[in-house]
Amino acid sequence: MVVLLLVLSPVAVSAADTDEAPAQLEIAGLGWWDNRGKRTTLDRLLGDDRGPVLNANAVEDAVFLLMSALEDDGYLRPHITAVLTRADGTVTRHDFDVSLTTLLPRPMAISIARFEIEQGVRYRVEDVEISGLTALPLDEVRRIFRPTRGLLPGITERLYSPGRLRRAIDILEEELSLLGHAEAVVTVGRLDLDHETGSVDLGIEISEGPLWRVGTVNPAGAAVDLPDVDAQVGEPWTFPLQQNLAQSVRQAHYIGGYPDVRVQVSGEPAAGQRGERSVAVEAGITAGQQVHVGDIRYEGNEHTRPQVLDRRVEVQSGDLLNPLELERIRYRLGQLGIFDSVDLRYEPALGEIRNPVFVMVESPRWEASLLAGYGSYEQLRGGVELRQINLFGRAHQSRLLLVQSMKSTRGDYTYSVPEIFGEQIDGSASLFGLHRQERAFLRKEYGGSVSLRRPIRPLRADASAGFTYQALRSEDNELETREIDERQVTVASVDLGLTRDTRDNPLRPRRGYRWFVHLEHASKAFGGEVDYQLLELGLTLHKSIGRNQWIHAGLTHGVIATLGSPSDRDLPVNKRFYPGGDASIRGYKSGEASPLGADGRFLGAKTYLLLNVDWEQSIRGNWSAVVFFDALGMAARLSDYPFAEQLYSLGVGVRYQTIIGPLRLEYGRNLNPRPHDPGGALHFSVGFPF
């Protein structure tokens, strides 16, 4: 409505037509940040048609918009003074209240419109009385009208406005409807507003009405055997049940070769009943004709061999046409990773025999990407990623990654083969190399690996298994163990992994979780020079806790043992743990939180336990603030498992969300630093910390 008013309000001459600056808008009284936000909103709504002067209609519309925004924020009785500077320099003041009865004189040509806002008292819901409720827990319903989520409950969640109250009523009526109370009515029986303090007391009256239950189910017109629809009898009659019933009938017909089936489900409640109503459910089915698969064709596969596609198409000519199965095949083709899109059509669109045609748009066979980033330890880094797609027309892929930073040089080449053994298993082979200046030594690693990956359906996780052969070197060693550390070790290991990721966005997670387990078993029996067992596992959780607030928590544990070896003197320096940094305990730079020896030099840890907790609050747009707590337990000897000493950091930071993850500026303060430890650390980095 506001947008429509602004569009219809005639503005004088467009600034673009006259090359003059548009009329100036100013907001005062809300604080610097909110003043700027409200002015930006007005600028956007007035749009490009805003000329060098505004008329009275545009100013009144702007006041209406500001009043509406203030009301939704809990300010029900604001006062706005419009200080208007006319084109001839005359300045006039006009007062507006929530009645919006003030009318500006016409005509007016305004070059500067300044809106001085007095917000007044902010209204908050203090007490909610509920009557007539039996179907839901009382506290759960009360929280709909007076939410108490968040670390600071009641600050923003329990704000009152007529719009918020209406939305809460709609939510409650919808919840009752989902329980089978289709006639539920929620009204406000009492509304007490204290205009001095802003306290609001609500009396909510609920008429749940009778509970609608399925009495009979009558499917009419079915062409196939249906699932047991009578199982729905006695269930509450709700919209989800209606949708599920229609979907189960539809799927049964798809399997039977009726792709054009139409299902209309409706319910008629019996009249005159009070406590419950029996609903007679009618499922009207128009099956259409039974259809068989004709010839299966591909279009757009200029570089892809048909045999690669045929292996993923499990439907044969003459089979009953099941559109769900063909859609699953379309999805499988898309999962090859060599097509920008895969569409499906039928030729002809109607008829008893239809030819499925998979229409593909192949991805570019070569892709090159420039990489850039910054980390608090490695500082500026840049690189290039080259990808070759659909090698030999068999959907094979290769990836070359080269990255250079102020502290490291890294190269990685991976060749991947999808579905190398059956439908579920993908294979890959890699060559890698790394030179990195650590806090107490120069790390050098190079080698190769082969691995297989497949999904584990019952766990909804991805499993991997592989073999790695690598040479590990450590130079310029300043660790306390430098006298006994081997400078070069060859390692052969079997690697196992299991991961499940339900996060909504891996670059900017807001909800969901991720857990992983990684096991690396190195043995001389595999062709290496050392025996060790390395286990790392972790869990991260992300959850919304209020309006634009999130909690992020991560728990990671690592341990390395040397079972089967007479001592751990041969344990590679490169495989020990060196905590600290912007993705670890953030009161320390990278590696600074490692255990210390008697002479104050660093030691590599053999076990660690790391807890990270972030509370994030959105500020405006892509900006957010964060308060974090990190706790680290670690030990340089396995006999001190799980840890021998603990370190704690508390910090604050700001984040700006980008397409490659958040830009993070964070400072962590150490709560119990050791002698010679820093008091804290400042980090600037890109990417989520855990």
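**Helices, cores and backbone exceptions in a predicted model**

Helix H9 buries Pro 323, Leu 326, Ile 329, Arg 332 and Leu 333. The model is a predicted one. Cover for these buried residues comes from elements including helix H7 (239-255), helix H8 (306-310), S13, S14 and S18. H9 itself covers residues 323-334, 12 residues in total. From first to last C-alpha it reaches 16 Å, close to the 16 Å expected at 1.5 Å a residue. Its N-terminal end is capped by Asn 322. There, a side-chain oxygen of Asn 322 lies 3.0 Å from the backbone nitrogen of Leu 324.

Helix H4 (residues 56-72) has 17 residues. Its C-alpha span is 25 Å, close to the expected 24 Å at 1.5 Å a residue. An asparagine caps this helix too: Asn 55 sits at the N-terminal end of H4. A side-chain oxygen of Asn 55 is 3.2 Å from the backbone nitrogen of Asn 57. Just after the helix, Gly 74 adopts a positive phi of about 95°. Buried positions in H4 include Ala 56, Ala 58, Val 59, Ala 62, Val 63, Leu 65, Leu 66, Met 67 and Leu 70. Glu 60 and Asp 61 are also buried.

H4 contributes to the largest nonpolar core, which has 27 residues. Leu 42, Ile 80, Leu 84 and Phe 115 have the most contacts inside this core. At least two core residues come from each of strand S1 (24-28), helix H3 (32-46), H4, strand S2 (79-86) and strand S4 (110-118). H4 gives the most, with nine residues. Nonpolar side chains tend to be buried together in soluble globular proteins. Another core, of 21 residues, lies apart from the largest one. Among its members are Leu 76, Ile 130, Phe 145 and Ala 184.

Phe 145 also takes part in a helix pair. Helix H5 (residues 138-145) packs against helix H6 (residues 162-178) at an angle of about 145°. The two axes are 8 Å apart. From H5, the residues in contact are Val 141, Ile 144 and Phe 145. They meet Leu 165, Ala 168, Ile 169, Ile 171 and Leu 172 of H6. The contact counts eight nonpolar residues, no polar and no charged ones.

Several backbone exceptions follow. Most residues other than glycine have a negative phi, and most peptide bonds are trans. Arg 106 and Pro 107 are joined by a cis peptide bond, with omega about -10°. Pro 107 is placed in the loop between strand S3 (91-96) and S4. A cis peptide bond also links Glu 347 to Pro 348, with omega about -10°. Here the proline is in the loop between strand S13 (339-347) and strand S14 (353-362).

Phe 392 has a positive phi, near 60°. This residue belongs to the loop between strand S16 (379-391) and strand S17 (396-405). Its relative accessible area is 57%, so Phe 392 counts as exposed. Glu 419 has a positive phi near 50°. Glu 419 is buried because its relative accessibility is 18%, under the 20% cut-off.

Gln 437 is in strand S19 (residues 425-437). With 29% relative accessibility, Gln 437 is partly exposed. Its side chain reaches the backbone oxygen of Phe 441 at 3.2 Å. Beyond neighbours within four places in sequence, Gln 437 contacts Tyr 377, Lys 407 and Leu 442. Ser 398 is 39 residues from Gln 437 in sequence and 28 Å away in space, C-alpha to C-alpha.

Tyr 377 is also in contact with Ser 590. The serine lies in the loop between strand S25 (549-561) and strand S26 (607-620). Ser 590 is buried, at 14% relative accessibility. Arg 436, Arg 439, Gly 580 and Gly 581 are its other contacts, neighbours within four places in sequence aside.

Key: Residues numbered from 1 in each chain as written. Predicted model: local features only at pLDDT ≥ 70, side-chain atom pairs only at ≥ 80, totals over all residues. Heavy atoms only, no water. Helix = DSSP H or I, 4+ residues; strand = E, 2+ residues; numbered from the N terminus. Buried < 20%, exposed > 50% of the residue type's maximum accessible area, 1.4 Å probe, protein only. Contact = heavy atoms within 4.5 Å. Polar contact = N/O pair within 3.5 Å; in protein donor to acceptor, adjacent residues only side chain to side chain. Axes fitted to C-alpha atoms, helices over the stretch in contact; angles between N-to-C directions. Nonpolar A, V, L, I, M, F, W, Y, C, P; charged D, E, K, R; others polar. Expected span 1.5 Å × (residues − 1). Core = buried A, V, L, I, M, F, W, Y, C linked by side-chain atoms within 4.5 Å.
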